Amino acid sequence: MGTEGGGGGDDEYRRRMSSSHHQMQGVGVGGGATVEVNLSARRPFAEKVWSDLAETFFPDDPFRGFGALPPARRAWGALKYFVPALDWAPRYGLAKFKYDLLAGVTIASLAIPQGISYARLANLPPIIGLYSSFVPPLLYAVFGSSNNLAVGTVAAASLLLASIIETEVAADEDPQLYLQLFYTAAFFTGLFQTVLGIFRLGLIVDFLSRSTITGFMGGTAMIIILQQLKGLLGMKHFTTKTDIISVLHSTYHYRHEWKWQSAVLGICFLLFLLSSKHLRKKLPKLFWVSAIAPFMVVVIGGVFAFLVKGDEHGIPIVGNLKKGLNPLSISQLTFQSRHIKTAVKAGLLSGILALAEGIAVGRSLAMVKNEQIDGNKEMIAFGIMNIAGSFTSCYLTTGPFSKSAVNFHAGCKTPMSNVVMSVCIMLVLLFLAPLFKYTPLVALSSIIVVAMIGLIKAKEFCHLYKVDKFDFCICMVAFIGVVFFTMVTGLGASVGLSVVRALLYVARPTTCKLGNIAGSETFRDVKQYPHAKSIPGILVLQLGSPIYFINAGYLRERILRWVEDEENLCKGVGHDLQYLVLDLGGVTSVDNSGIGMLLEIHKSLERRGMMIALTNPRLEVTEKLVLSGYIRDVLGEEWVFLTVKDAITACRYALQTSRSKGENEV
């Protein structure tokens, strides 16, 4: 083998090797013809762009098969895609309605206490929570694609909205402006979600990894539980901050406001609700007991507070709830320059969180029934219902897990269960709303505490620590950030760490040395399969990621290090390293920097008297390598193979031929 720097001997060596390889072309194992890599395939630029866009924005290809339909049926199919109710409504019958009626009534009994509780959590008038359970579910039944999702307000988004909007205006200082900003934030949430759905940009939500959501929801549940100390202890004053230090300090600072009556009643409610959840786990068929338990707490608590005049004896109550359907609030949307930034920020952040939760819940429940939901259609449905909700005195709604799980276990068949729930809420708003004025605040706090306990997934934390330490760190960053700082800080830090991890995977891709599994034609990673044998004089490396400017330098250094290490091993056993085979099957794309990197490696190895062979390049890679001239002018078409086995066979043949010629010349 030639020495570093090259010379006449190196040139002669390369000429012999290339000549041998030309003679070998077309010869496979046992003398059979090999299948050559197709290097002539080309795609027009427009076709490539359209293919990339289609894979990015339409991976599920929802309109496949439409081209063969007549225009009228094609238009009807597109309309049914955007309005799923047109698909299931014509086939709807009494058999399904029986199940949806039961499920709808069941989730309505849960929607009433949750609506009031989460509105209180957001420092909004309790009636707003009931309004938000009336209009949005009707719209979701028309535009939603999930048969299992139950629409309503959620605790995490309620607290997130409150924490952002209270930086602009306090609820007790200017309640009207505070409420207007909630409506405006809901409008921007709906607009944002609709745009994402129409333009198929659901990939943005994918930046919220499962680890981030687990940590964020766990941290949010923790601070929500701590904030319920205000209701459980009957306090009137409390901090508006959400971090654990401020909450505990405020609880201790206002200890003179603690009411033992509220505490005792709260403990009773907590025991009752926790017992109902335990009963559901022991006897799953009695799920309806835990489903209506919150409603029973509201009713029993209201009757008790009415009989003992709780508001006069240390048991604060909700207060007046006016009767009537949602009033229009479109005129209350505020777009003033000094408030618009806060409304947009609150709308976008809460909108992403609501999408992540709603779509994740819908997909997980659909998998149990072997159904599929379209995430982009869900975004459009959420967007439409939040825009309409902002016009009708509602704040942000999505598909909460607790309510959707109850809907699922109650046997729902279609989104009609949401319609049934809306009708029940409508009847409450028209006739029964004033009766809930006596609901004790401690009852609402108890309901929230029990609902939040299920969101702190300690087993999931342990699972992440066991399986993936980096994922565990991402989860803990979200959890600790939310608990000790703010919800936005925790969410942002966790997402940022997730993005850094993704960039590291791209910037530092894995490469591995392949060896032959004895008795087969298979080549595998020698670290994973220590018994896999290296080929004397030939180094086989597998590249497993796109080759871009961000990782081209790293891959160059890593490949050359592999070569140096292999050279040392070869010298130790008395032979030279003469070939480098690069398996490009996992390389999905290459840019100009990547091509430059391959050229640099080729020149570096050429000076050492080595040659490169490429195997199994994909169409996207082959196109660029051919157009750049790398294959034809630098490497040579004869050094591109379909499989690693073909490359190894060719290299061995070339080595044998070269040695035979050398011996004859001597």
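Okay, let's start at Lys603, which sits in helix α24, residues 592-607. When I say helix, I mean a DSSP run of H or I with at least four residues, while a strand is a run of E with at least two, and both are numbered from the N terminus. Lys603 is partly exposed, at 44% relative accessible area. For that word, buried is under 20%, exposed is over 50%, and partly exposed is in between, with a 1.4 Å probe and protein chains only. Lys603 and Leu619 are 16 residues apart along the chain, and their C-alpha atoms are 25 Å apart.

Before I go on: this is a predicted model, so local features need pLDDT of at least 70 and side-chain atom pairs count only at pLDDT 80 or more, whereas totals for chains, interfaces and linings use all residues. Residues are numbered from 1 along each chain as its sequence is written, and side-chain values use heavy atoms, with hydrogens and water left out.

Now the record. UniProt, in an unreviewed entry, puts "domain: STAS" at residues 528-651; its positions are in the numbering used here, feature names are shortened, and annotations may be inferred rather than shown by experiment. That stretch is 51% helix and 15% strand, with its end C-alpha atoms 25 Å apart.

Next up, aromatic rings. Rings of Phe, Tyr and Trp (its six-membered ring) pair if their centres lie within 6.5 Å; planes under 30 degrees apart are stacked, over 60 edge-to-face, and the rest tilted. That rule gives 14 aromatic pairs. One of them is Phe187 with Phe335, edge-to-face, at 5.9 Å centre to centre and 75° between the planes. Why does this pair tie together parts that are 148 residues apart in sequence? Because Phe187 is in helix α9, while Phe335 is in the loop between α14 (287-308) and α15 (337-368). Phe187 is buried at 16% relative accessible area, but Phe335 is partly exposed at 45%.

Phe306 and Tyr438 are edge-to-face too, with ring centres 5.0 Å apart and planes at 70°. This pair links distant parts of the chain, 132 residues apart: Phe306 is in helix α14, and Tyr438 is in the loop between α18 (416-432) and α19. Phe306 is partly exposed at 49%, and so is Tyr438, at 29%. There's also one aromatic cluster made by Phe187, Phe188, Phe335 and Phe391.

Some rings have a charge over them, meaning NZ of Lys or CZ of Arg is within 6 Å of the ring centre and within 35 degrees of the ring normal. Lys413 does this over Tyr99, at 4.8 Å from the ring centre, and Lys469 over Tyr465, at 4.7 Å.

On a 1 Å grid over the protein atoms alone, a cavity is a set of points where a 1.4 Å probe fits but cannot get out; a pocket is an open set with protein on both sides within 12 Å along at least five of seven lines, and lining residues have an atom within 4 Å of a point. Points are joined across faces, edges and corners, and volume is the space filled by probe spheres set on them.

The second largest pocket is about 910 Å³. It has 35 lining residues, with Arg120, Asn123, Leu124, Ala171 and Lys230 nearest its centre.
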